[in-house]
Amino acid sequence: MRRAMLLLSVLLPMASASQAQTPAADKATPAQDAEQRLHQDWAWLGRYQQANAAIPPSDTRKRVVFIGDSITQGWFDKVPGFFGPDRIDRGIGGQTTPQMVLRFRQDVIDLHPAVVQIMGGTNDIASNTGPMTLEQTQANIMMMCDLARANGIRVILASIPPAANFPWRPGLEVSSKIARMNLWLKGYAARIGATYADYWTALHDGSAQRAAFTVDGVHPNERGYAAMAPVAEVAIRDALARPAPAGLLR
């Protein structure tokens, strides 16, 4: 009996410690959250659903929605004052253009903007959601432009910002692909009557991003976004001055 009581006195604290550790062990890491989301909400439609629902009714004749990846999301994170009732940021870090296509109705069309800025392609080149050709990226951008124009929304096509490499994809050659995509973006914008926003020229140092403008060679810092802002202002004025597409679905 004495031995049984001694064993129980040892095991009970161990059991209590194990139970106390269970909640911490069950807590998912950011990487696990991202992995789960890829299976349950691949395009992350849930990211902005509440924010979209909370947008008050207002005059949308000057509203601009910025859709994109972490470079677009980072603009709001680092310089929120650039945005407001007429400028809405719908960037999501790490996203590729196929994910943006799936979000386009919810996060752009249903907000009834006058203009959308589309910035994508960095993560396509990085193969974030699987290998992609430049032609596949271009097809997704054309799809978003078609959706915008069919709904009477003017389009700004943003260049892919400069980068000499991607830290999360060491050894991958990226500069020539960025250059080819930007050449295509500029030409396609001219063909469809969209505005081209040349952020690459505002940020570059050779084929890389200017060191003073970036946190990691890819993502702009506050100074980088300050260099981008005048390009955006000119592009927005130009887009708003253009006649709205006739629209087939609006």
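Ser70, Ile71, Gly74, Trp75 and Lys78 in H4 meet Glu222, Tyr225, Met228, Ala229 and Ala232 in H10, where contact means heavy atoms within 4.5 Å. Helices (H or I, at least four residues) and strands (E, at least two) are DSSP runs, numbered from the N terminus. The model is predicted: local features need pLDDT of at least 70, side-chain atom pairs count only at pLDDT 80 or more, and totals for chains, interfaces and linings use all residues. Residues are numbered from 1 along each chain as its sequence is written, and side-chain values use heavy atoms, with hydrogens and water left out.

H4 and helix H10 (residues 222–241) pack with their axes 10 Å apart, at an angle of about 105 degrees. Axes are lines fitted to C-alpha atoms, for helices over the stretch in contact, and angles run from 0 to 180 degrees between N-to-C directions. H4 and H10 are therefore roughly perpendicular to each other; angles of 65 to 115 degrees get that name, those under 35 count as roughly parallel, those over 145 as roughly antiparallel, and the rest as oblique. By class, the contact of H4 with H10 holds six nonpolar, two polar and two charged residues. Here Ala, Val, Leu, Ile, Met, Phe, Trp, Tyr, Cys and Pro count as nonpolar, Asp, Glu, Lys and Arg as charged, and the others, Gly among them, as polar.

Thr72 also belongs to H4 (residues 70–78). Its relative accessibility is 1%, so Thr72 counts as buried; buried means under 20% relative accessible area, exposed over 50%, and partly exposed in between (1.4 Å probe, protein chains only). Leaving aside residues up to four places away in sequence, Thr72 touches Phe66, Ile67, Asp89, Gly91 and Met119.

H7 takes part in two helix pairs. With H5, the axes come within 9 Å and cross at roughly 15 degrees, and the two helices are therefore roughly parallel. H5 passes H7 in a left-handed crossing, meaning that the near helix is turned anticlockwise from the far one by less than a right angle; clockwise would be right-handed. H5 contributes Thr97, Pro98, Met100, Val101 and Phe104 to the contact, and H7 contributes Thr137, Asn140, Ile141, Met143, Met144, Leu147 and Ala148. Nine of these residues are nonpolar, three are polar and none is charged.

With H8, the axes of H7 and H8 lie 11 Å apart at an angle of about 30 degrees, which makes H7 roughly parallel to H8. This crossing is right-handed. Leu134, Thr137, Gln138, Ile141, Met142, Cys145, Asp146 and Arg149 of H7 meet Lys177, Arg180, Met181, Trp184, Leu185, Tyr188 and Ile192 of H8. The contact has nine nonpolar, two polar and four charged residues.

H8 itself runs over residues 175–192, and at 1.5 Å a residue its 18 residues should span 26 Å, which agrees with the 26 Å between its end C-alpha atoms. The expected span is 1.5 Å times one less than the number of residues. Buried residues of H8 include Ser175, Ile178, Met181, Leu185 and Ile192. Their cover includes helices H6 (122–125), H7 (134–150) and H9 (199–203), and strands E4 (154–158) and E5 (195–197). Gly193, with a positive phi near 75 degrees, follows H8.

Two loop residues other than glycine also have positive phi. His112, with phi near 55 degrees, sits between helix H5 (97–107) and strand E3 (115–119) and is partly exposed at 43% relative accessible area. Ser127, with phi near 60 degrees, lies between H6 and H7 and is partly exposed at 28%.
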